[in-house]
Amino acid sequence: MEFKIDKNVFANALGWVQSVVERKTTMPILTHVLLEGKGSCLTLTATDLEVTATDQVRAEVSTDGKVAVPARQLYDIVKELPDSIIHVKQMENFWVQIRCAKSRYKLVGLDGNEFPKRHSTGEGK
């Protein structure tokens, strides 16, 4: 997966979805945010298995895909970057490279297919 996105758009979406991320959990994937890029859309999803937060934002996705990235670390990095375009690229073994202006970061991600699927709540029954 590879995409480019405006820093402020990414920071706002991350700030909102990462608020439901578990801080202490026996399931490491619950401390991550799922990034799914397709076409001109980036979907961000975080869950604690009871509450799921999802946001969809416009991004220039050059390679479709999905990867789970440590939510708090990603948010802390993004909010400190300069107001510019952020380039995010999934590397080998789910490593994620983040570039913006002269800043470069790499985070260890997890397979996006391992992220918990959303279940319907069965409302209205």
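Start at Lys 89, which stands opposite Gln 97 in β8. This is a predicted model, where local features need pLDDT of at least 70, side-chain atom pairs count only at pLDDT 80 or more, and totals for chains, interfaces and linings use all residues. Residues are numbered from 1 along each chain as its sequence is written, and side-chain values use heavy atoms, with hydrogens and water left out.

**The hairpin**

Select β7 (85-90) and β8 (95-100). Strands here are DSSP E runs of at least two residues, helices are H or I runs of at least four, and both are numbered from the N terminus. The two strands run antiparallel, joined by four bridges; pairing requires at least two DSSP bridges between strands. They form a hairpin with four residues between them. Click Asn 93 in the turn: its phi is positive, about 55°.

**The five-stranded sheet**

Next, show the open sheet, in the order β4-β3-β2-β6-β10 with antiparallel pairing. β4 (52-58) and β10 (110-111) are the edges; each has a single partner strand, so one side of each lacks a neighbour in the sheet. Select β3 (41-47): seven bridges tie it to β4. Leu 42 stands opposite Val 57 in β4.

**The helices**

Select α1 (7-17), which lies across β2 (32-38), β3 and β4, at about 170° to β4. Angles run from 0 to 180 degrees between N-to-C directions; axes are lines fitted to C-alpha atoms, for helices over the stretch in contact. Then take α2 (71-80), which packs on the sheet, touching β2 and β6 (65-70), with its direction at about 90° to that of β6.

Show both helices together. Their axes come within 9 Å and cross at roughly 150°. Lys 7, Phe 10, Ala 11, Leu 14 and Gly 15 of α1 meet Leu 74, Tyr 75, Val 78 and Lys 79 of α2. Contact means heavy atoms within 4.5 Å.

**The core**

Which residues touch the most other members of the largest nonpolar core? Phe 3, Phe 10, Leu 35, Leu 42, Leu 44, Leu 74 and Ile 86 do, in a core of 33 residues. Such a core is a set of buried Ala, Val, Leu, Ile, Met, Phe, Trp, Tyr and Cys residues joined through side-chain atoms within 4.5 Å; buried means under 20% relative accessible area, with a 1.4 Å probe and protein chains only.

Finish with a second, separate core of five residues, including Ile 29, Leu 34, Ala 68 and Phe 115.

Key:
Buried means under 20% relative accessible area, exposed over 50%, partly exposed in between (1.4 Å probe, protein chains only).
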